[in-house]
Every structure is written in C-alpha cells, then in structure tokens.
Amino acid sequence: LGRIDYRVQPRCMVMQSAELIARELGLDEGLTSRVRLAAMVCRAGRDQLSPAILNKRGPLTRREWAQVRRQPELAAALLSDVPVDDMREWILCHRERPDGSGYPRGLVGEQIPLEARILAVAEAYAAMVSKRPHRARRGHEDACIELVRCAGTQFDTAVVKAFLTASLPSNPLPLSTAA
C-alpha cells in the first residue's frame, strides 16, 4: 500500500502568495482569482513527478532533471480539456526567467506573461520556506533576501517588489541589492 502525501501547506502558501502579489500589482478581482487557481494547478503538476525524484537527497542526474523540467508541461496538460488557454500559458511559462535562462521556451522579460512571473515568485518562495529532502527550510527573511538577490535574472523585479510589499508591509526589503 502506498501513502498519500497531499503537501497541503506549500500548495496553500503558493496560492496565497500568488493572490497577494496579484492584488499588490493591481490586478482586478477576476484575474486575481484566476492567478490563484493557476497557482494551485502549478503545484498539482509537481505532484506528477516521481516520488524518487522529489525525495532524492543528492544531486539529480541529467535524466531526472529532464523529468523535473517537464513539470510546467505536466501541469499545463491538466487543463487541456478546459477552455482556459490563458491559464495554461501562464502555467507553461512559470519556469521562464527574465534573463532568458528558463524553460521550456527560453522566453525573456516581457515575453513571459505577468501572471507566469507571479507564479514563479510564489512557487519559489514556498519552495524555499518548505523543508526538502536535500536541504533544510529557510526562514521568511532569508527567502526574501534570495528573491531580492535573484530579481532581474531569475525573477521579475516588479513582482518581487510586490511580494515584499505585500508580505512585509512594515519592513520591506530594499530592491537596490538586486542587479
């Protein structure tokens, strides 16, 4: 018999973070709700990866990385029979990076839909503050510092700033260190 591991906390965290960012960026209520739903589907795509890969303590092989890199496609495919082409595109592009080093298409900057850039920051934050088999969890402040460090290359700077403003209203971290 297998064991069911729903990973509820990270999934909820991604959804809540995506919603906070969308609101901070001024997206309307309908679009904010769609971003939240897309965040839930993004995480469900991760659940389609092999537990052996997800729970591996050491470095991944090339073959394992190839599977991990399919996660956006797996998640987008969950919506293949539903008329939500825009959300499917956001999910497919949420691992793209402003500097062009992301996947699956190698998109750059504004080529990446804003909603996908929101999902990228929300997922990265949840990943950093969650315990993983290969590393300990980071605290909120350390995760925010990492988001700032990677703003402009891995993450959209405006989206990181919106996350910081929404999550740390009394003590936002400066984005001047991101370059």
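Biologist: What volume does the largest pocket have?

Modeller: This is a predicted model: local features need pLDDT of at least 70, side-chain atom pairs count only at pLDDT 80 or more, and totals for chains, interfaces and linings use all residues. Residues are numbered from 1 along each chain as its sequence is written, and side-chain values use heavy atoms, with hydrogens and water left out. A pocket is an open set of points on a 1 Å grid over the protein atoms alone, where a 1.4 Å probe fits, with protein on both sides within 12 Å along at least five of seven lines. With points joined across faces, edges and corners, and volume taken as the space filled by probe spheres set on them, the largest pocket comes to about 960 Å³.

Biologist: Which residues of the lining are closest to the centre of the largest pocket?

Modeller: Lining residues have an atom within 4 Å of a point. There are 33 of them here, and the closest to the centre are Trp65, Val68, Arg95, Ala127 and Arg132.

Biologist: Which element gives the largest share of the lining of the largest pocket?

Modeller: Helices are DSSP runs of H or I, at least four residues, and strands are runs of E, at least two, numbered from the N terminus. Those that give two or more residues to the lining are α2 (29-46), α3 (51-54), α4 (62-68), α7 (114-128) and α8 (140-150). The largest share is five residues, and it comes from α7.

Biologist: How many residues of this lining are charged?

Modeller: Asp, Glu, Lys and Arg count as charged; Ala, Val, Leu, Ile, Met, Phe, Trp, Tyr, Cys and Pro as nonpolar; the others, Gly among them, as polar. The lining holds 14 nonpolar and seven polar residues, and the charged ones number 12.

Biologist: Is arginine 88 buried or exposed?

Modeller: Arginine 88 lies in helix α6 (residues 85-93). Contact means heavy atoms within 4.5 Å; not counting residues up to four places away in sequence, Arginine 88 touches Ala76, Leu79, Ser80 and Val82. Buried means under 20% relative accessible area, exposed over 50%, partly exposed in between (1.4 Å probe, protein chains only). At 18%, arginine 88 is buried.

Biologist: What covers the buried residues of α8?

Modeller: In α8, Ala143, Cys144, Glu146, Leu147, Val148 and Cys150 are buried. Their cover includes α7 and α9.

Biologist: What is the omega of the peptide bond from tyrosine 103 to proline 104?

Modeller: Most peptide bonds are trans. Proline 104 lies in the loop between α6 and α7. The bond into proline 104 is cis, with omega near 15°.

Biologist: Where does pLDDT stay under 50?

Modeller: pLDDT is the predictor's confidence in each residue, from 0 to 100. The chain has a mean of 84, and 88% of its residues reach 70 or more. Where pLDDT is low, the predicted coordinates should not be read in detail. The stretch under 50, for which the model has five contacts beyond four places in sequence, is residues 1-8.
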